[in-house]
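Please keep the sequence and the coordinates at hand while reading.

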Amino acid sequence: MPASTTSLPLWTPDPASAGQTQMAQFMAASGHADYAALWRWSVDQPEVFWPKIWDFCKLRGTMGASVLENGEQMPGARWFPEARLNYAENLLQNRSGASDALVFWGENQVKRRWSQAELYAEVARFQQYLRRLGVGQGDRVAAYLPNLPETLAAMLATTALGAIWSSASPDFGVQGVLDRFGQITPKVLICVDGYWYNGKQVDCRSKNADVIAQLPSLVGVVHVGYLAWEIPAASGPESITWAALPSAKEEIVFTPLPFAHPLFIMYSSGTTGVPKCIVHCHGGVLLQHLKEHILHSDVRPGDRLFYFTTCGWMMWNWQVSALAAGASLLLYDGSPFADGGKVLFDYAEAEGMTHFGTSAKFIDAAAKMGLTPGKTHDLSALRALFSTGSPLSPEGFDWVYREIKQNLLLASISGGTDIVSCFVLGNPVLPVYRGEIQCRGLGMAVDVFDEDGQPVRGEKGELVCTRPFPVMPIGFWNDPDDSKYRAAYFERFPNIWCHGDFSELTAHDGVIIYGRSDATLNPGGVRIGTAEIYRQVEQLPEVLESIVIGQEWPPEKKDDVRVVLFVKLTPGKTLDAALIERIRQQIRANTTPRHVPAKVVQVQDIPRTKSGKIVELAVRQVVHERPVKNVEALANPEALKEFHQRTELVD
């Protein structure tokens, strides 16, 4: 059953306002009357489209004459092979201004602000330190940091030199950090003394020492004093505090780099083994992010863009690129539910936030908490709200338009760390339909394939991309023959990127994501997306959240599965026969009998990754008494214990 239940849009852009958007301007400049024609042209003529994006978005650098080599190969295509550019230089175009480059809130405990000139000075200061240590092109600089202003400055200093940036958030345990940074042998590590979370201070100093001791490649360590705690003396690589870095004596060096020069090393979630190290490049990230910010999000100079993210999630990389579109960044670190769930809306009101980015889980939780930010806060500056991390339910769409703002672009977006951007996303010139992502991204030849590799419409299938695009990874770290890279995306359909999302293209040419393909349920041989079940059960007021798996059944044959639903209830509630029946009836009435769980079981917590995504695969492994390969990837690994040897699942 499609998630969208109405053919009428929840929001339609005012024609006059839509005509003033940068998407409309680009459409007119390209000679296309509507988005469908623009998208078709963008994927059919990439060698014309991508240079136009470069020019329209005013990307700094030299393009060269050649746009695409080996364009029929995926992987293997080479974009702008003669180009020279630098990602950081494009983000630091305003170097002496007094207006805000960034604002930072650490919950409601810490508030800071850097002008464009102050950001430039901090970048120059840190780059001077890197150059003194001999850091240069291809060296790795790793950050074990919150979403602080210093994190941004360190990234810009690193990438300006042509060194490679990689980051993890300080809520990772020691082994989780080593599983990531240990693979890439960084030359410099930046870490923090501690951070605020839900009104409490969290000490990171012991973990830092353990990580430093087990990274023999380090020649320098920089300690950021977020909580102003004393850093204990230690043997090992040269150590300095950020505050002690000398003022810069020279301007920032921006090294002109090839389009495909490595920029970021990102990491897969690691829930099925040691994380894969995904390498993204200067040109691909910059070109794609400018397209998404300027055209799809209508980010303009002077806008104030926020995304709730940690430095261990790709949305941090996506957010900071908005500097290249002229926006001020509104950075935040801590719990999104600090101060009774109001803190992010307090931030939006106080800073005139124009673009608010969050997760579908935050929207669901805010609705459950009964928040009404449109009534309690002045959100008059807000033009767009982004949601990602998991599918946003139709009821989530309803809540946003009912309780936040009616005249608002609600952009549910989806892509991933694999492309550090989006395959499908928002669009300021298109209507928003309940439960649907608005469109396929420009230049992204997205389709949905059935089991036989044939495109389908109005049916569920695999989300694929049938042609190369500039922000494809340049490969995985320590994968010289690209065997791991090919296995990750190109084995299912040759020369086709298979993303692993169970999806549908709708009659509006929008997209519905039903969940990850590897978590898809298959009772009786019929594929069911997990989001279809979550949408129904989490409408019940007693249910805070849930997780569903397919349990091999009967266990002695393992030739079929039964649907097992685990529910986390609101405080004080207990799962009884009456509530189980209400859950089953809610699912049966709004989906199909095959969606109805054979078992419903109460748990106290739902395991999730550091970026907040629930982990069906890990729960499935525990239920079947198989090892979970990398519990360090989880924010709350202790939650898995509740799923082990449940007596409810033996019959």
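In helix 6 (residues 116-132), L119, E122, V123, F126, Q127, L130 and R131 meet L152, A153, A154, L156, A157, T158, A160 and L161 of helix 7, where contact means heavy atoms within 4.5 Å. Helices (H or I, at least four residues) and strands (E, at least two) are DSSP runs, numbered from the N terminus. By class, the contact of helix 6 with helix 7 has eleven nonpolar, two polar and two charged residues; here Ala, Val, Leu, Ile, Met, Phe, Trp, Tyr, Cys and Pro count as nonpolar, Asp, Glu, Lys and Arg as charged, and the others, Gly among them, as polar. The model is predicted, so local features need pLDDT of at least 70 and side-chain atom pairs count only at pLDDT 80 or more, whereas totals for chains, interfaces and linings use all residues. Residues are numbered from 1 along each chain as its sequence is written, and side-chain values use heavy atoms, with hydrogens and water left out.

The axes of helix 6 and helix 7 lie 8 Å apart, and the two helices pack at an angle of about 55°. Axes are lines fitted to C-alpha atoms, for helices over the stretch in contact, and angles run from 0 to 180 degrees between N-to-C directions. Helix 6 and helix 7 are therefore oblique to each other, given that angles under 35 degrees count as roughly parallel, over 145 as roughly antiparallel, 65 to 115 as roughly perpendicular and the rest as oblique. Their crossing is right-handed, a term for a near helix turned clockwise from the far one by less than a right angle.

A nonpolar core is a set of buried Ala, Val, Leu, Ile, Met, Phe, Trp, Tyr and Cys residues joined through side-chain atoms within 4.5 Å; buried means under 20% relative accessible area, exposed over 50%, and partly exposed in between (1.4 Å probe, protein chains only). The largest such core has 165 residues, and L119 and W497 have the most contacts inside it. Helix 7 (residues 149-161) gives the most to this core, with eight residues. Another core, of 37 residues, lies apart from it and includes I528, I587, V622 and L640.

Q22, M23 and F26 in helix 2 meet I294, L295 and H296 in helix 10. This contact has four nonpolar, two polar and no charged residues.

How enclosed is helix 8 by the rest of the structure? Eight of the eleven residues of helix 8 (residues 174-184) are buried, so this helix is largely enclosed. The buried residues are V174, G176, V177, L178, D179, R180, F181 and I184. Their cover includes strand 7 (140-144), strand 8 (164-168), strand 9 (188-192), helix 9 (205-213), strand 15 (262-267) and strand 16 (277-281). Just after helix 8, T185 takes a positive phi of about 45°.

F306, found in strand 17 (residues 304-307), counts as buried at 0% relative accessibility. Leaving aside residues up to four places away in sequence, F306 touches Q319, L330, Y332, L344, Y347, M353, H355, F356 and G357. S412 lies in strand 21 (residues 409-412) and counts as buried at 7% relative accessibility. With the neighbours up to four places away in sequence again not counted, S412 touches S387, L392, F397, V424, L425, G426 and I437.

Most residues other than glycine have a negative phi, and most peptide bonds are trans. A cis peptide bond joins M74 and P75, with omega about 0°, and P75 is in the loop between strand 2 (68-69) and strand 3 (78-79). Another cis bond joins W553 and P554, with omega about -5°; P554 is in the loop between strand 30 (543-552) and strand 31 (561-569). N198, which is not a glycine, has a positive phi of about 55° and is partly exposed, with a relative accessible area of 48%. The loop that holds N198 runs between strand 10 (194-197) and strand 11 (200-203). Q645, in the segment after helix 19 (616-623), has a positive phi near 50° and is exposed, with a relative accessible area of 52%.
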